[in-house]
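Biologist: Hi! Could you walk me through this one in plain words?

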Amino acid sequence: MKKINDILGKNTYGQISLALLLICIISGVVLAIPYDVENPLQSIKGMLILNPYASFIRNVHFWSAQLFLVFTLIHIWDYFAKKEKIKSKKGIWLRLSIGILIIFMAMLTGFLLKADSDSLQAFRILESLTLKVPFIGNLLASSFLGEEGDFQLIYIHHIATLTIFISIITFEHSRKIWPISQTFIWSSLFIIIISYFFTAPLHDGLNLTVKGPWYFVGFQEVLHWLSSTSTALIIILIFLILIYIFPYGGRKLSFFSKRSLLILSLAYLLLTISGMFLRGENWKWIWPWDSGYSTSVLETYKSWKVDFNTSDTLSFGDSNSNNKESCILCHSDMLGFTPSHNPEAVGCFSCHGGNPYTTNKKASHKGMELIPGNFSNANRSCGTTNCHPEITNRKNSSLMSTLSGMISVDRYVFNEQDNPDKLTSVDDLRNTAADEHLKNMCVVCHLDNEKTETGPITEKSRGGGCLACHLNHDAITATASFNHKNNSKSNDYLKYHPSISMQVTNNHCFGCHSRSGRISTNYEGWHETTLSVDEMPNTPEFRLIEESRVFTAKSDDVHHKLGIDCIDCHNSYELMGDGNLYAHQEDQRVISCEDCHFDGEPNTIAAENLDAESAIIASMRFGEIIGKRYLKTKQRDIPLINTEYKNDTAYFYGKNSLKKYILTKPAEICTKGTAHDNVSCSACHSAWAPSCIGCHNEYDENEPGFDMQKNIEKNGSWVEYVGEYNAHAPALGIRKSDSSQEIIPVVPGMVLTIDMSSFNKQLHDSLIFQRLFAPASPHTTASKGRDCKSCHYNPIALGYGQGEFSLLENEIYFNSKYQNNPNDGLPEDAWINFLGEPKGKFSTRSNLVPFSIEQQKNILKVGVCLTCHEDNSDVMQKSLYDFKTILKKQNPRCIEVY
Amino acid sequence: MYSRVKKYNRRIFLKSVVAGISIATLFVWDKMVITNKKNSQVKYITLALQTNKKINFADNFIIINNEGKIKVLSSRCTHLGCKINESKQDNLLCPCHGSSFNLDGSPIKGPAIKPLEEKDFTIDKANNTITIIV
């Protein structure tokens, strides 16, 4: 301290404080010109964006005030550190002691006058604390703070009452009005320099971290730990008493005061540091290495230099927006926005971040998100408090985020997991053989996968967070984006912004869902072949996807024929999660055929009972909702907002096309009798399903690979050697639940061999063979269901694979098309042996089983009848009600099996 | 002796007068503030009712619609008055000191220990509005 004193010479801490106070008062008087107490936040934004000189004066006022406080505290410390006591009159010392509190109040009222979100919360805290003052709390709060949102009293006390008090006690204490000129000059120069480089803070209104001013943050930390806020007032009182008693107490009391203040000050310093740098949103503890640290903590201290080059021609024009951002000044003519995401309504900053308070190009783009909506930034772009936090909070529960089923099944196949239904997430991937397999082959298709390039969603797109579904380019924006990426000199990309909307098209789903189960391509009527590009015939029956995959035409889904899109059936809770974690797709899916094609009483919900999300989506898509009744799903009662039930008729609307359809009841045959009560609609109506057989997987350490989790290239990769792709009516299996059984379509899910020794050299000749079938929802719905034989006398349907049945002397024989696989002795494409039962692992779900031997026999028993009797014959139709009685009346010529 | 008593009495008198004026000033000041507050106080506020939204932060209130059962809570945190303006998984979060409350308004994480104040209200179904007694 002595050394510093020597350096300072005549510039004592008191002198510096006095100089800073003078600078602060003068700059405050000037700042009063652009500051508007009626609309404080907007006036400050106006200064920052359009008036660099006002912004500079604000900085001078801010920094001189902060440093005035700092040097005043050092001055007090200096006084306490001196060995000899300089006693002033008790009255003066009392006023000086109270003056410390007044200085803090002046600083705090200055903080409140910013009127940003930090200030508004600070007002409430200050008001609550003031109201706790015994007897006169209410009087003080009403007299010095006033009503919330009205800054008149605070402004008056800041510029008059408190400033005058501080000036009086400073004069009474120092007997000086003017500081030493040298001190004033050096202080001014220093303030000018830092005011140029560091703009005074203003909370952007989106960051959820709420912090008081730096000198209050330690107290905020104390308050976090105190339920009784009266204790906080006592702490302040103790500080003041300790300061007051210091010069007048005896030796012991003074020593006690000094030591106590030292300990309390050091403790406060530590609390201040932790409050400033280790507390984030909702005052949660956060370490610098935790994710979100830069947003929660560092971003709140962002500062930038004053740009005096701001053009005089810049103006907000006639905009009445209360959301003034500097971005608009340069990007004012941008086109392409939907009304709900128009910058006039939401600004640019709420999605893209950056700095909305400066016109300096570099500073305004610093920290900007070029592609908002990726999950790494979704919480502070799409998910900010005023936008879609309900959705971004639950997005991670969606299977499209977790990939739980995909991961669990793969681990089960690699014998790394004892069941295929464990809940897991793509974030849990490790370095095992299965997880490496997933990283090399599969997990690129998850929503967390970052979109890293601008431009439209294509069939090659994977992931992209919210934008994966909600980004829409039209021809103009797509061209502008393409030209920009291809080094065109055109700046059109700055004129056109892609729209962010609810118009989720089938193309958005296509990239990921044209793989694996291939529901996107199935839906459109395309089946993948093993042809190479060179082998592809140049006819309309063939289609090239992703420049390498050759598809051939098949029948498309009846709903596709009618122009129905994916999102017409699949709702926001299925796609973006409902907050619950699910193991597999069919667990998260809520829509089922019967929700629209019901027989009997409809399951409906009135508009006034819709949940918020459904109501908003319904009204945005279809206008007025009051008075409407909607269908809702059987599973979890989710409203189908693109339906309407009116005058005993159910209507269905295309969400994008707005086309109107009348919903039809299931055909009579579907509900006839009791024989098929447990047969799902898709078991009969799925015209075809793709199936792959005979796939082999091995790890090649020299193969150029890709880690799809981290999106990095690497050496070594699992390589898949595909066998054969087939397309035919799917096999059938049984999905069991505690109370029911349902016959559903199944396809070969994981029929493959894995050479484990190629991944782990210590495992010699370790070959895994699996024959797992998976439940399927082929999305190849035909209006006419399968005929009876297609299930009852079809080896594929029963799980035996392709082949032929033959009847000889009341016995059925099966001749398979494919040879038996040496690993398990079953035909390549079979699930089970003819009249056999599976062994070991056989399904990608714990609740999925093939028909039992008894069930196979029962099915074939009907099938044999169908070899002579037509589907529509009287006897077969009657059998739908009571097959056993029909059998008893069997003709002697009938073939009897089993 | 006589003059000292006289001086002493004058000082007491002057101090008493100053004290009296101060108390009177304080009294008038207090009365003015109370009267001003009474005259300017808003007694009730009418807001649009969003029955479709489970948690609706409106003005200084939190309107909870729990399966049709509506409850209005003050958004003023019972710890130090901060405005609660965020919810996560049906928890109402105070941004300032980390308190959180359930949808009944009961504190589930400190420092707040008192429940959020419940407000009386009436609903106008015809106009779809809610009037909250401030």
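Modeller: Happy to! Domain bounds here come from an automatic or database domain assignment. For chain B, that assignment gives domain 1 (1-41) and domain 2 (44-133). This is a predicted model, where local features need pLDDT of at least 70, side-chain atom pairs count only at pLDDT 80 or more, and totals for chains, interfaces and linings use all residues. Residues are numbered from 1 along each chain as its sequence is written, and chains are lettered from A and ligands numbered from 1 in the order in which they are written.

Biologist: How many Å apart are the C-alpha centres of those two domains of chain B?

Modeller: Those centres are 45 Å apart.

Biologist: And how many residues of chain B are in contact with chain A?

Modeller: There are 25, and they meet 29 residues of chain A. Contact means C-beta atoms, placed from the backbone, within 7 Å.

Biologist: Which element of chain B gives the most to that side?

Modeller: That's α1(B), with four residues. Helices (H or I, at least four residues) and strands (E, at least two) are DSSP runs, numbered from the N terminus.

Biologist: New topic: what does V747(A) touch?

Modeller: Leaving out residues up to four places away in sequence, V747(A) touches A689(A), S691(A), P730(A), A731(A), F773(A), A774(A) and A776(A).

Biologist: How many residues are in the largest nonpolar core?

Modeller: It has 86, and V747(A) is among those with the most contacts inside it. Such a core is a set of buried Ala, Val, Leu, Ile, Met, Phe, Trp, Tyr and Cys residues joined through C-beta atoms within 7 Å; buried means 20 or more other C-beta atoms within 10 Å of a residue's own.

Biologist: Which strand gives the largest share of this core?

Modeller: Strand β17 (residues 741-755) of chain A, with eight residues.

Definitions and conventions:
Buried ≥ 20, exposed ≤ 12 C-beta atoms within 10 Å, placed from the backbone. Contact = placed C-beta atoms within 7 Å.
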